[in-house]
Structure formats: C-alpha cells, structure tokens
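Look over the sequence and the structure, then read the points below.

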Amino acid sequence: MKQEKKPLITSGFTPEEIAEDLAPLVNFQEEGLAKKDLEKMFEKRLIPHFVRYDLPEFQSLYNCFPEEGAELGAQLSLRYNQGVTNWIVSPGGVLLEELCCQALCRLFGLSASADATFMYCGTYANQQAIYLALHRHAERTGFNLAQKGLSGFPNASKLAVAASQEAHFSVRHALRILGLGEQSLVLIPIDKERRMNPYKLKALLEEKGDKREIFCVVSTAGTTSTGSIDPIAAVSDICEHHDVWHHVDGAYGLAFRLLPKLASRFEGIERADSLVWDPHKQFGVPIPNSLLFVRKKEDFDRMAIYGEYFNRKDDPEPNPGFKSPPSTRPLSALPLVAAIRFQGMKRIRERLGAPLKAVRKTWEKLDSHPDFQRLHTPDTGILCLRIVPEKFPAAELDNLQKYIYEDIKKEGRRSVSMTRLNGKYALRIVAISPCVTEEAVWETIISIRRTARKYSFTV
Ligand SMILES: Cc1ncc(COP(=O)(O)O)c(C=O)c1O
C-alpha cells in the first residue's frame, strides 16, 4: 500500500530564500491585479512559508488555528463593525463586549465587583496592570500618578515589582515603558517545578530596614517556558497581608481554570487585584484577543481620558475605551462569544484537556527512557526535556539540543521550540491545539532521538 506523505508544517527555507519568493509581492504597480491572480500569487509565494498550526506536528509555540464559531464571529465583525471602543461606532459591539466581560468574570469565579476589558495582547495587559498597581501606590503616597508621574514619589528608584525569574519578559517591557527600568524588578527564586517559592516572597516582603518599595507582585499562572502554575493562593495571602497589589499573569494558563481537575490550582485568583488572559492562545480565536480583569471595577477609572468629540465624561452610554488607552481596537468579544457558544463549555473543556493529556502521558512514558531527562513535572501543556544519549560527552550536550532544534526547524516536518533552564539548553514541546495527540508528541520524541543519532555522526 502506498504510504501517504505527511504535509510539511512549513517550508524550512532560509530568510534569504523566503525573501526571494516574496519580493514580487511588494513590487507595487500602477495597475491592480485580478483577485484570482492575486490569490494565486499569495498561494504560490507566501503560503508555503506560513506555518500550519492545524497539524498535530505543530508543537512549538502558542499559536492556534481558527475554531469554526470564532471564524463566523470574526467574519461578522469584519463585515459590519470592527471597532468597539465607544458607543457611536457600535452600540451592539459595546454592549456585547461589556456583557461578555461580565460573563467571563463569572466563568472564572471572580466577584460581582470585578470587571474586564479586551486588550491587544497579554504584553499590554500586563503593562496596564502594573501601571494600575503603581497608580494605587501613588494614591497611597498622596498624589495622582496620572498628573505627576514618577516625580511624585519621594524616591522613585526604590519602587519595585516582585516576580519569579520565570515571569514573562513582558513584565520587563512594562517596567521599561513605565520609566521604572529593569532595575526595579526583584526576582523571587523558584522551586524545582519552576514555580515561585512563596516563602522567599514572604521573606522579601518582611525584610526590615532601608528596603525597596514593592508595590506589585506578579505571579504567573502557566509560565512561558514550562507552563508551571505559581502557588496563587499563597501569593494572594502574602499580598493581602502586606497590602501589596497582586497581579496574576494567566496569559497562557488561565484557560485551564475551566478544567475541574485543575481548578483548585487557581484558587486565590478571585483575591488578586488584576488578572490577564489570552484567549488567542488556545481558544482558536483570531489575534488580537486578550483580557485584563480587575477585582474592583473602579480600578479602571484610573485609565479614563475624556474626549471632546467622543468618550465625553457625561456620555449617557457606556464607552469601553475608558478602560484602556487605544481609541481604536477590534471587537474581539464577538469571535470569543461565537467560539464559546458554538462549541459549548463541554467541548471547550475537551479541547483544553486534550493537549494536556498528550503531554502528561508522554511525560509518564519517558520515565522508562533514560536517554531523556525530564526537566519538570508538567502542570499544563508544556514539556521541557533534554536528550542525554548514553556515553555522550557532557560538554557537548548543549550543542546537541541546539543541533536538534535547528535540524527539526530546517526539515519543516514538525515544530518544537528551545529554551534555557538553569543555564542549560532544553527542547520545549508545547501542545496548544486539540489536534496535538499523545501519538504526535511521541513521534516528536522519536524524531529527537533520530536526529541525535545524526549529530553523533557529525562530531
Ligand atoms: C505568561 C505569558 N505572559 C504574557 C505573554 C505575552 O502575551 P502576548 O504574546 O499576547 O503579548 C505570554 C506570551 O507568550 C506569556 O506566555
């Protein structure tokens, strides 16, 4: 029987080769092209260099193919109302977004006083959360941050944010953009599962003397490298005790709060001051689709800037644009609502649970394969490992992981990522879409082993 050849996940071409293919696309001309010729050109020259998120071999990053309901929602938004920040551009969109935010607060078990807003991405949501934390700190110091900026603080260089070393780099971006600089980041050590160590956080906040002014603690519910969930309830307790703003970055992991098996790991989010979630990561909704939640809806009042031509203070209708800076942003609520209503919560839980199961099963199976070092117990859908073939020179192991990563990338048949844990290179398998099965992850393991053999021949 003839074996079906699996489609490539991407071309695997070099930047130079891709640039050569794409150059004619940007050769702008006086005359336009027929739609069918345009389509043909993109199909021939561009699409082969895209990545197929819909194949089970895509196991590298947080990208997902569109879910059917989400696609319908996105089309409707594109056809009618794309923008949503104020009542004039879309009364239906505004109210859908507001109602969706309230429904999501309930879905995640947040209190009736909570609220949310859609944002462009998790990065900006984290940034805004830290800004809100700083704003509250300024109010307690006795001034309005929106007016005075950092100059209102007696000693701005003392201001600090605490997060684990595993926190996403968007926290560092936030500190740069807020003018605090990366010097204001205090790193909390992690445990062997790469979760924040709450005892170290407690000790830091209890330090006496001329210490840093920690105004915000960022915990991560699903870290980027390993998908580890920080001990959120313990961090919430500590932050409450010290009256420090607690921000939970659940950009990747918050979705798993919807799985009964994992829900207890998210206890404490209802007490956090703010919370970020990226439905665009595993809900199959188009980018951008991110949310920032706050425990008290009044917290968003700090964001409002009133306009003369719209978003007026005395507008009788709601304007979601008061809750974040953009005056133009998409109606992301529509694809999200459509995705949830089309699938129903039951199918959504199946969709979220499938990749987690694939990763967990692989991790268990690897226990009896000593040529693989498992670098953590997976909390969610990410597995980091190193291949350590018998008698392989220890000094070459880092190069081996890098070689495998590069070789797999070039081949274009599957996609894995690479990270560094404890200073050592590790291969990272991310199961994000529901089509990533246990078999597909195991094939990656086999392919890593096969590629490792190739390396042995080259050194
Ligand atoms: C934990 C975490 N926070 C924040 C972000 C940034 O989100 P975005 O890519 O939507 O800006 C990511 C992205 O992967 C992430 O993993």
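**Ligand shell**

Four nonpolar, eight polar and two charged residues make up the shell around the ligand. The model is predicted. The points below take the ligand, the domains and the core in turn.

**Around the ligand**
- The ligand is surrounded by 14 residues.
- The closest are Cys 121, Gly 122, Thr 123, His 168 and Ala 251.
- Helix α5, residues 122-141, is the top contributor to this shell, with three residues.

**Domains**
- Contact between the two involves 15 residues of domain 1 and 16 residues of domain 2.
- On the side of domain 1 that touches domain 2, five residues are nonpolar, seven are polar and three are charged.

**Nonpolar core**
- In soluble globular proteins, nonpolar side chains tend to be buried together.
- Here, the largest nonpolar core holds 106 residues.
- Val 161, Cys 216, Val 217, Leu 291, Leu 292 and Phe 293 have the most contacts inside this core.
- Helix α11 (residues 333-365) supplies the largest share of the core, twelve residues.
- Both domain 1 (83-330) and domain 2 (340-458) give at least three residues to this core.

**Focus on Cys 216**
- Which residues does Cys 216 touch, not counting those up to four places away in sequence?
- Cys 216 touches Ile 130, Ala 133, Val 161, Val 244, Trp 245 and His 247.
- Of these partners, Val 161 is also listed among the core residues with the most contacts.

Key. Residues are numbered from 1 along each chain as its sequence is written. This is a predicted model: local features need pLDDT of at least 70, side-chain atom pairs count only at pLDDT 80 or more; totals for chains, interfaces and linings use all residues. A residue is near a molecule or strand if its C-beta atom, placed from the backbone, lies within 6 Å of it. Helices (H or I, at least four residues) and strands (E, at least two) are DSSP runs, numbered from the N terminus. Ala, Val, Leu, Ile, Met, Phe, Trp, Tyr, Cys and Pro count as nonpolar, Asp, Glu, Lys and Arg as charged, and the others, Gly among them, as polar. Two residues are in contact if their C-beta atoms, placed from the backbone, lie within 7 Å. A nonpolar core is a set of buried Ala, Val, Leu, Ile, Met, Phe, Trp, Tyr and Cys residues joined through C-beta atoms within 7 Å. A residue is buried if 20 or more other C-beta atoms lie within 10 Å of its own, exposed if 12 or fewer, and partly exposed in between; C-beta atoms are placed from the backbone. Domain bounds come from an automatic or database domain assignment.
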